[in-house]
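Colleague: I would like a close look at a single part of this model. Please take it slowly and keep to what the coordinates give.

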Amino acid sequence: MKAGALWMALAATAASAAEPGRGLQGEWWTPGFNARVRIEACGDAVCGRIVWLWDDAPKGIADTGPLIGKPVIEKMRAVAPSRWAEGRLYNPEDGRDYKGSLHLRSPDLLVLEGCVLFVCRTQVWRRADVARCPAVSAL
């Protein structure tokens, strides 16, 4: 009996490793519903890119290039249950890269923290409800 339970635990761990960020994957709204970001597996990590913007050419931000398709989460690796780190967050508003972490607080709330030196910023993103607002077509 114990061997069977051990085998099932190992199989579950292998399945989680084969699909990084399984509970994290999908589309997420940034604060104010200004952008929608798709998070998906990229190798043994998770990455996210902008797939929709309220304003295609937002004014007053540092990044003046095209934002649709722009990576904003790169190479986040699972470090604990519901936590990812060791990756990079990009903020188009100030044009800066941040050493970042992600915490899936609940199935529908994602907390992002990005730091440069001793300055840190936190945002809470909400999972996009595909029943109310269908997923954005693949890029």
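Colleague: Which residue in β7 stands opposite Gly100? Please set the answer in the context of the sheet and the core around it.

Modeller: This is a predicted model, and the residue in question is Gly114, which stands opposite Gly100. The two strands concerned are β6, residues 96-106, and β7, residues 109-116. They are paired in the antiparallel sense, with seven bridges between them.

That pair belongs to a wider arrangement. Eight strands form a closed barrel in the order β1-β2-β3-β4-β5-β6-β7-β8, and the pairing is antiparallel. On average, neighbouring strands of this sheet are turned by 35 degrees against each other, direction ignored.

Next, the core. The largest nonpolar core counts 23 residues, and those with the most contacts inside it are Leu24, Ile39, Ile73, Leu102, Leu110 and Trp125. Both β6 and β7 are among the elements that give two or more residues to this core; the others are β2 (35-42), β3 (45-53), β4 (71-80) and β5 (83-91). In soluble globular proteins, nonpolar side chains tend to be buried together.

Leaving out residues up to four places away in sequence, Ile73 touches Ile39, Val46, Cys47, Gly48, Arg88, Leu89, Leu102, Leu112 and Trp125. Of these, Ile39, Leu102 and Trp125 are also listed with Ile73 among the residues with the most contacts inside the core.

Two backbone angles deserve a remark. Most residues other than glycine have a negative phi. Ser82, in the loop between β4 and β5, has a positive phi near 65 degrees. Ser82 is partly exposed, at a relative accessible area of 33%. Glu86 lies within strand β5 and also has a positive phi, about 70 degrees, although it is not a glycine. Glu86 is exposed, with a relative accessible area of 58%.

Finally, confidence. The mean pLDDT of the protein chain is 84, and 83% of its residues reach 70 or more. Strand β4 has the highest confidence, at 97, whereas helix α1, residues 2-18, has the lowest, at a mean of 38. Over residues 1-18 the pLDDT is below 50, and beyond near neighbours in sequence this stretch has one contact in the model.

Conventions:
Residues are numbered from 1 along each chain as its sequence is written. This is a predicted model: local features need pLDDT of at least 70, side-chain atom pairs count only at pLDDT 80 or more; totals for chains, interfaces and linings use all residues. Side-chain values use heavy atoms; hydrogens and water are left out. Two strands pair if DSSP finds at least two bridges between them. Helices (H or I, at least four residues) and strands (E, at least two) are DSSP runs, numbered from the N terminus. Axes are lines fitted to C-alpha atoms, for helices over the stretch in contact, and angles run from 0 to 180 degrees between N-to-C directions. A nonpolar core is a set of buried Ala, Val, Leu, Ile, Met, Phe, Trp, Tyr and Cys residues joined through side-chain atoms within 4.5 Å. Buried means under 20% relative accessible area, exposed over 50%, partly exposed in between (1.4 Å probe, protein chains only). Contact means heavy atoms within 4.5 Å. pLDDT is the predictor's confidence in each residue, from 0 to 100.
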